Amino acid sequence: MTSWLVRNLAFAASCLLGSSALAADIYSPMTPQARDITTESGWTFSFAPYFWAAGLSGDIEQFGLPAVDVDASFSDVFDHLDFALMATAEARNGPYSIFGDAMYIKLSGQGGTPRGILADDVELATETFAGLLGAGYAIYDDGSSRLDIVGGLRVWSVESELSFSGGLLDGRSRTDDATWVDGMAGFRGTYTITPEIFLTGWGLVGAGGADLDWDVAAAIGYRFSDTVSAVAGYRALGVDYSDDGFVFDVVEQGPILGLVVRF
């Protein structure tokens with residue numbers, strides 16, 4: 001029974017847990033080109049959804065079973081994607097900024113059992129939320145380039161539910177979850193090459209509930225007009241969390257791509 005569950009969980013985890021927190025992407029709070037609305041108070045605001053084609057590698061341990069070595073490409077993840085929502089926002093006034101990033105992803109998959117005695121099939125559903133709230137200060141800004149020092153908090157929440165259908169375990173389910181908060185600090189910056197082309201990137205590192213939490217990215221952007229811009233690049237994010245038999249030690253990485261409409 002245990003070896004069969006491990007095999008099923010290994011397959012499901014590699015396919016289902018590939019888009020967690022995750023966290024900031026195409027037009028993340030690290031990308032102030034998303035949208036500017038200037039107010040009389042001097043504040044500007046930006047908001048943008050984003051997309052991140054990330055694969056997943058690392059170790060995941062849940063339900064009291066041995067750790068599973070996961071190595072899933074983005075196509076593996078996408079095949080089991082039920083729902084995904086990712087968005088960022090920023091408010092800036094001169095050198096000061098307040099930013100937020102939120103990501104929610106739900107994945108699921110199921111497989112049949114070898115004999116169908118205890119259950120005909122098993123379904124694993126996973127929901128992951130990663131939210132970052134922080135503030136920054138521009139330590140360098142010459143009009144064409146800017147470097148911010150930033151700090152904030154990232155909240156992670158990962159929940160998995162294992163459900164059985166048919167057999168002796170028909171209708172039974174089990175849930176394993178964890179929620180934690182990490183303090184984050186680092187830099188983000190932009191550099192304008194031409195009026196249309198710009199570079200952007202960020203690097204964050206922290207810890208707290210996790211032993212290590214980090215996030216780095218680099219991208220190039222193009223302004224088609226005052227209202228539309230596009231960004232393409234690469235991002236990598238890692239988190240190493242373990243507590244009471246729940247292990248989430250993973251690295252997510254892949255290309256980022258996005259389109260922002262200013263309004």
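Trainee: Among contacts in the protein between residues at least 6 apart in sequence, what share joins residues at least 24 apart?
Mentor: In this predicted model, 64% of the contacts between residues at least 6 apart in sequence join residues that are at least 24 apart. As for the elements themselves, the protein has 2 helices and 13 strands.

Trainee: Where in the protein is confidence lowest, and where is it highest?
Mentor: The mean pLDDT is lowest in helix α1, residues 2-16, at 37, and highest in strand β10, residues 197-208, at 93. Over residues 1-38 the pLDDT is below 50, and this stretch has 156 contacts in the model beyond near neighbours in sequence. For the protein as a whole the mean pLDDT is 77, with 73% of the residues reaching 70 or more.

Trainee: Why is G100 called buried?
Mentor: The relative accessibility of G100 is 19%, and buried means under 20%, so G100 counts as buried. This residue has its place in strand β6, residues 96-112. G100 and L153 are 53 residues apart in sequence, while their C-alpha atoms are 9.7 Å apart in space.

Trainee: What makes D176 buried or exposed?
Mentor: D176, which is found in strand β9, residues 173-192, has a relative accessible area of 18%; since the limit for buried is under 20%, D176 is therefore buried. Not counting residues up to four places away in sequence, D176 touches Q62, F63, V158, E159, S160 and F246. Over the protein, buried residues make up 49% of the 263 residues.

Trainee: Why is Y137 called partly exposed?
Mentor: Y137 has a relative accessible area of 37%, and partly exposed covers what lies between under 20% for buried and over 50% for exposed, so Y137 is partly exposed. Y137 is found in strand β7.

Trainee: Which residues make the nonpolar surface patch?
Mentor: The patch, of about 690 Å², is made by Y96, Y137, I139, Y140, L147, I149 and F187. The elements that give two or more residues to it are β7 (121-141) and β8 (145-165), and β7 gives the most, with 3 residues.

How values were computed
Residues are numbered from 1 along each chain as its sequence is written. This is a predicted model: local features need pLDDT of at least 70, side-chain atom pairs count only at pLDDT 80 or more; totals for chains, interfaces and linings use all residues. Side-chain values use heavy atoms; hydrogens and water are left out. Patches are made of residues with over 30% relative accessible area and no salt bridge: like charges are joined within 9 Å, nonpolar side chains (Val, Leu, Ile, Met, Phe, Trp, Tyr) within 5 Å. Accessible areas come from the Shrake-Rupley method with a 1.4 Å probe; for residues, only the protein chains shown count as cover. A salt bridge is a side-chain nitrogen of Lys or Arg within 4 Å of a carboxyl oxygen of Asp or Glu. Helices (H or I, at least four residues) and strands (E, at least two) are DSSP runs, numbered from the N terminus. Buried means under 20% relative accessible area, exposed over 50%, partly exposed in between (1.4 Å probe, protein chains only). pLDDT is the predictor's confidence in each residue, from 0 to 100. Contact means heavy atoms within 4.5 Å.
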